Amino acid sequence: MTSTTRRTLLRLLWALLAANAVALAGCLAVFLGVQRTTEAAYDRSVPAILAVYDTQVALREAHGAAVASFAAGTRLLAGPGEDYQNQIARAGQHLAEVAEDNAAGDEGSRDIQVVEASLVTYTGLIERAHAHFAQPGGGALGAAALRDASGLLEEILVRLDGLVGKQDAALDRQVDGAWTGRATILLWLLPVLALGALLVAAQLFLRRRFRRVLNAPLLLATLAVLTLGGTTATSLHSTGQLGDARAATDRAADARGLQLAALADRNATQLAGLLTTACTPTPCADTIEQVLAQRDGDRGPAEAADQVGAAGRTAWRHGQDATGLAARAANSRGGEVVLPAAALLAAALVVVGFLPRLEEYRYRQR
C-alpha cells in the first residue's frame with residue numbers, strides 16, 4: 001500500500017498544479033481583457049473623438065474663409081478662395097479618420113454618412129453663392145445662397161456634436177467596462193493568493209516531514225508566482241492611464257468648445273457685414289439681426305482671433321496628452337508572453353521540487 005506521506009505529496013503536487021493553472025487562466029483573462037479594451041480606446045475611441053472636433057474646426061474655418069473671400073471681392077477668382085478649399089479638404093480628411101476609427105457602431109456610421117451627404121450639399125451652396133457673387137448685381141442672390149449654406153453648416157455641426165457624444169459614450173464604456181472595473185481584481189488576485197498559500201503550506205510540510213529548511217525549487221516557484229501577479233497588476237496601472245486619457249479628452253473638448261464659439265462669433269460678424277453690403281439698397285435688417293443673435297458674445301475681431309489661437313493650442317496640447325496616455329495604457333510591455341512563461345516555470349519548478357521526495361517514497365510501504 002502506498003505510504004501516507006507519498007499520498008500527501010501527490011495531493012499537494014496536483015493541488016499546486018491545478019491552482020497554478022487556475023491562476024494563469026484568471027491572470028491571462030484579465031490582462032488580455034484590459035489589453036483589448038485599452039487598445040480599442042487608443043486605436044478607435046480617442047482618435048475618433050479628436051477627429052470629430054478637428055472636423056468641426058475645419059468646417060468653421062472653411063466657412064469663415066469663404067465669407068471673407070466673398071466680402072473682400074476675391075470672389076471673381078476661381079472658387080471661393082484657396083483657404084476655403086484647403087479647410088474643406090482638411091474637414092474631409094478628418095471626417096474620413098472618424099469613419100475609419102468610429103467606435104460608435106452602426107449609429108456612428110449613419111451619422112457620418114449623413115454628414116458626408118450634407119457636406120456635398122453645403123459645398124454646392126457655397127459654389128452657387130460664388131456663381132452669384134461673380135455676376136454683376138448678383139450680390140443679393142449670392143448672400144441668400146451663403147445664408148442657406150450657413151444654416152446647413154449649423155445643422156452639420158449639430159450632427160457632429162451628436163456623433164462626438166456617441167464616441168464619448170463608447171470611451172466611457174471602455175473606461176468603466178467589465179475588464180477595467182475594480183472588482184475584476186478579484187478574478188486574478190484570489191487565485192494567485194491561493195497558489196501562494198499552497199506553496200507556503202508545501203514548504204512547511206516538507207520542512208516538517210523531511211527536516212529541510214527550504215525547498216529551493218518551490219522558493220523559485222513562489223518568485224515566479226509573484227511575477228505572475230505583478231505582471232497582471234500592471235493592468236491596474238493601464239486602467240488608471242485610460243481614465244487619465246479620458247480626462248484629457250474632456251479638457252481638449254472644453255478647449256475646442258471655446259475655439260468653436262470664437263470662430264462662430266467671427267463668422268457671424270463677417271456674414272453680417274457681407275449681408276449689409278449685399279442687401280444695399282434693399283435693407284435686410286431682420287436677417288442681419290438673426291445672424292448676429294447667433295453669436296455667443298460680443299468679441300471684437302482681434303479678441304476672437306486671439307481666443308481662436310489660444311484655445312486651439314490648448315486643445316492640441318490636451319489632445320496630444322490624451323493620445324499619449326492612451327498609447328501608454330495600450331502598451332502591454334510583453335505581459336501576454338510573461339504570464340504563460342511565469343506560470344509554466346512555476347509548474348516546472350513545483351514538479352522539480354516534489355520529485356526527489358516522491359522518489360524516496362516510491363517503494364515504501366506503510
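# Reading helices, burial and salt bridges

User: In which helix is Leu-190 found?

Analyst: Leu-190 has its place in helix H5, which covers residues 185–210. Helices (H or I, at least four residues) and strands (E, at least two) are DSSP runs, numbered from the N terminus. The model is predicted, so local features need pLDDT of at least 70 and side-chain atom pairs count only at pLDDT 80 or more, while totals for chains, interfaces and linings use all residues. Residues are numbered from 1 along each chain as its sequence is written, and side-chain values use heavy atoms, with hydrogens and water left out.

User: Is Pro-191 buried or exposed?

Analyst: Buried means under 20% relative accessible area, exposed over 50%, and partly exposed in between (1.4 Å probe, protein chains only). Pro-191, also in helix H5, counts as buried because its relative accessibility is 14%. Leaving aside residues up to four places away in sequence, Pro-191 touches Val-22, Ala-23 and Leu-186, where contact means heavy atoms within 4.5 Å. The C-alpha atoms of Pro-191 and Gly-26 are 7.3 Å apart, although 165 residues separate the two along the chain.

User: Where does UniProt place the feature "transmembrane region"?

Analyst: The unreviewed UniProt entry places it at residues 12–34, 185–206, 218–236 and 337–356; such annotations may be inferred rather than shown by experiment. In the model, residues 12–34 are 100% helix and 0% strand, with end C-alpha atoms 33 Å apart. Residues 218–236 are likewise 100% helix and 0% strand, and their end C-alpha atoms lie 28 Å apart.

User: What span should helix H3 have?

Analyst: The expected span is 1.5 Å times one less than the number of residues. Helix H3 (residues 105–133) has 29 residues and should therefore span 42 Å, which agrees with the 42 Å between its end C-alpha atoms. Its buried residues include Asp-111, Val-115, Tyr-122 and Phe-133.

User: Which residue forms a salt bridge with Asp-111?

Analyst: A salt bridge is a side-chain nitrogen of Lys or Arg within 4 Å of a carboxyl oxygen of Asp or Glu. The count by this rule is 9. Asp-111 pairs with Lys-166, with the closest N and O atoms 2.6 Å apart. Asp-111 is in helix H3 and Lys-166 in helix H4, so the pair ties together parts 55 residues apart in sequence. Asp-111 is buried at 6% relative accessible area, whereas Lys-166 is partly exposed at 26%.

User: What is the N to O distance between Asp-250 and Arg-246?

Analyst: An α-helix has 3.6 residues a turn, so residues three or four places apart point the same way. Asp-250 and Arg-246 both lie in helix H6 (residues 216–278), 4 residues apart, about one turn. Their side chains meet in a salt bridge at 2.4 Å, N to O. Asp-250 is partly exposed at 36% relative accessibility, while Arg-246 is buried at 11%.
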